[in-house]
Amino acid sequence: MAIKTINKISTTDEGTSSPVNCPECGKNVAMRLFSTEDKSSVAKICKDDKNIAIAVCPNCATVFSLNKNYLKEKNAGTFVTVTKEDLKLLVKSK
């Protein structure tokens with residue numbers, strides 16, 4: 001069953017990151033990257049920025065928010081690497 005909400009957030013697969021040691025599991029992995037965009041009229045009126053970049057560890061499934069500049073630079077074709085300082089814990093794996 002679908003639930004209608006006023007939130008119209010779309011998620012885009014942005015590929016993988018450069019290898020980085022996951023802050024949670026300690027493994028050297030290429031994180032899976034996603035970006036979100038809020039297309040609702042409420043976000044336009046309130047100017048509430050819900051557009052975030054997300055990184056997911058493929059080993060432990062921990063979800064991190066990622067520095068927005070990383071995806072901007074990566075999509076522009078610049079060689080960039082992820083560091084632990086770019087990652088902020090959102091959801092810890094179980």
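A61 is partly exposed, with a relative accessible area of 47%; that label covers the range between buried (under 20% relative accessible area) and exposed (over 50%), using a 1.4 Å probe and protein chains only. A61 sits in the loop between β3 and β4, and its phi is positive, about 65 degrees, although A61 is not a glycine. For background, most residues other than glycine have a negative phi.

Before going on, some bookkeeping. This is a predicted model, so local features need pLDDT of at least 70 and side-chain atom pairs count only at pLDDT 80 or more, while totals for chains, interfaces and linings use all residues. Residues are numbered from 1 along each chain as its sequence is written, and side-chain values use heavy atoms, with hydrogens and water left out.

**Overall layout**

- The protein chain has two helices and five strands, where helices (H or I, at least four residues) and strands (E, at least two) are DSSP runs numbered from the N terminus.
- Reading from the N terminus, the order of elements is β-β-α-β-β-α-β.
- Of the 94 residues in the protein chain, 30% count as buried.
- The protein chain exposes about 6500 Å², with carbon and sulfur atoms supplying 53% of it; the areas come from the Shrake-Rupley method with a 1.4 Å probe, and for residues only the protein chains shown count as cover.
- Take the contacts (heavy atoms within 4.5 Å) between residues at least 6 apart in sequence: 49% of them join residues at least 24 apart.

**The sheet**

- Five strands make an open, antiparallel sheet in the order β1-β2-β3-β4-β5; two strands pair if DSSP finds at least two bridges between them.
- At the edges you'll find β1 (9-21) and β5, each pairing on one side only.
- Neighbouring strands of this sheet are turned by 35 degrees against each other on average, direction ignored.
- β1 and β2 (residues 28-38) pair over 10 bridges in the antiparallel sense, and N21 stands opposite N28 in β2.
- Helix α2 (residues 68-75) packs on the sheet and touches β1, β2, β3 and β4, its direction making about 90 degrees with that of β1; axes here are lines fitted to C-alpha atoms, for helices over the stretch in contact, and angles run from 0 to 180 degrees between N-to-C directions.
- β3 (residues 53-56) and β4 (residues 63-66) pair antiparallel over four bridges, with A55 opposite F64 in β4.
- The hairpin of β3 and β4 has six residues between the strands, and A61 takes its positive phi there.
- β4 also pairs with β5 (residues 87-91), antiparallel and over four bridges; V63 has V91 in β5 as its bridge partner.

**E14 in β1**

- E14 lies in strand β1 and, at 17% relative accessibility, counts as buried.
- E14 and L33 are 19 residues apart along the chain, yet their C-alpha atoms are separated by 5.1 Å.
- Leaving out residues up to four places away in sequence, E14 touches L33, F34, S35, L71, K74 and N75.

**The nonpolar core**

- A nonpolar core is a set of buried Ala, Val, Leu, Ile, Met, Phe, Trp, Tyr and Cys residues joined through side-chain atoms within 4.5 Å.
- The largest one has 16 residues, and those with the most contacts inside it are C22, M31, L66, Y70 and L87.
- β2, β3, β4 and α2 are the elements that give two or more residues to this core, and β2 gives the most, with three residues.

**Cysteines**

- How many disulfides does a search of the whole structure find? The search finds zero, with a disulfide taken as a pair of cysteine sulfur atoms within 2.5 Å.
- The sulfur of C22 has its closest cysteine sulfur in C57, and at 3.7 Å that is too far for a bond.
- C60 also has its closest cysteine sulfur in C57, at 3.6 Å, again too far for a bond.
- C22 is buried at 1% relative accessibility, and C60 is buried with a relative accessible area of 17%.
- Not counting residues up to four places away in sequence, C22 touches K27, V29, M31, C57, C60 and F64.
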